[in-house]
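Dear colleague,

I am handing over the structure we spoke about, with the sequence alongside. Please look through it first; my notes follow below.

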Amino acid sequence: MLATLIIPSLEGVSQTYPLRLEFYSGKPVLFSSHGHTINGPYFQLLRDRMGATIETDDVSVVAGVLGLPAHEPGLNSKS
């Protein structure tokens, strides 16, 4: 699974953070390249306040790990 958190800027230069899937206490967790845990509420906060999106080659897996529906706004299939 490949996934990237994208945070756009007003200047047109987006910040991108590759996400990695790890298991913590037997449960899947997404971590950013900076070591931050990305969960559903945190992603929704980033999306609503900063316009963040996640591009991935497997939306259903990312949505499941985040505890969100696959049609959640901001979860995008990587083309």
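Which residues form a nonpolar patch on the surface, and how much accessible area do they have together? Before the answer, please bear in mind that this is a predicted model. The patch is made up of Met1, Leu21, Phe23 and Val61, and the accessible area of these four together comes to about 350 Å². One of them, Phe23, belongs to strand 2, which covers residues 15–24, and Phe23 counts as exposed because its relative accessibility of 62% is over the 50% cut-off.

Turning to the sheet, six strands form an open arrangement with the order 4-3-2-1-5-6, and their pairing is mixed. Strand 4 (37–38) and strand 6 (75–77) stand at the edges, and since each has a single partner strand, one side of each is left without a neighbour in the sheet. Further inside that order, strand 1 (residues 3–7) pairs with strand 2 in the antiparallel sense, over five bridges, and within strand 2 it is Thr16 that stands opposite Ile6.

Thr56, which has its place in strand 5, is a contrast to the exposed Phe23: its relative accessible area is 0%, so Thr56 is buried. A polar atom of the Thr56 side chain lies 2.7 Å from the backbone oxygen of Leu2. Leaving out residues up to four places away in sequence, Thr56 touches Met1, Leu2, Ala3, Val62, Asn76, Ser77 and Lys78; Met1, in that list, is also a member of the nonpolar patch described above.

Although the residue is an arginine, Arg47 is buried, because its relative accessible area of 17% falls under the 20% cut-off. The side chain of Arg47 is joined to that of Asp48 by a polar contact of 2.9 Å, and, not counting residues up to four places away in sequence, Arg47 touches Ala52, Glu72, Pro73 and Gly74.

Gly51, for its part, lies in the loop between helix 1 and strand 5 (53–56), and with a relative accessible area of 36% it is partly exposed. Its C-alpha atom is separated by 6.5 Å from that of Pro8, although the two residues are 43 residues apart along the chain. Pro8 is also among the contacts of Gly51, together with Ile6 and Leu46, once neighbours within four places in sequence are left aside; the Ile6 named here is the residue that stands opposite Thr16 in strand 2.

Methods
Residues are numbered from 1 along each chain as its sequence is written. This is a predicted model: local features need pLDDT of at least 70, side-chain atom pairs count only at pLDDT 80 or more; totals for chains, interfaces and linings use all residues. Side-chain values use heavy atoms; hydrogens and water are left out. Buried means under 20% relative accessible area, exposed over 50%, partly exposed in between (1.4 Å probe, protein chains only). A polar contact is a pair of N or O atoms within 3.5 Å; within protein, one must be able to donate a hydrogen and the other to accept it, and residues adjacent in sequence count only if both atoms are side-chain atoms. Contact means heavy atoms within 4.5 Å. Helices (H or I, at least four residues) and strands (E, at least two) are DSSP runs, numbered from the N terminus. Patches are made of residues with over 30% relative accessible area and no salt bridge: like charges are joined within 9 Å, nonpolar side chains (Val, Leu, Ile, Met, Phe, Trp, Tyr) within 5 Å. Accessible areas come from the Shrake-Rupley method with a 1.4 Å probe; for residues, only the protein chains shown count as cover. A salt bridge is a side-chain nitrogen of Lys or Arg within 4 Å of a carboxyl oxygen of Asp or Glu. Two strands pair if DSSP finds at least two bridges between them.
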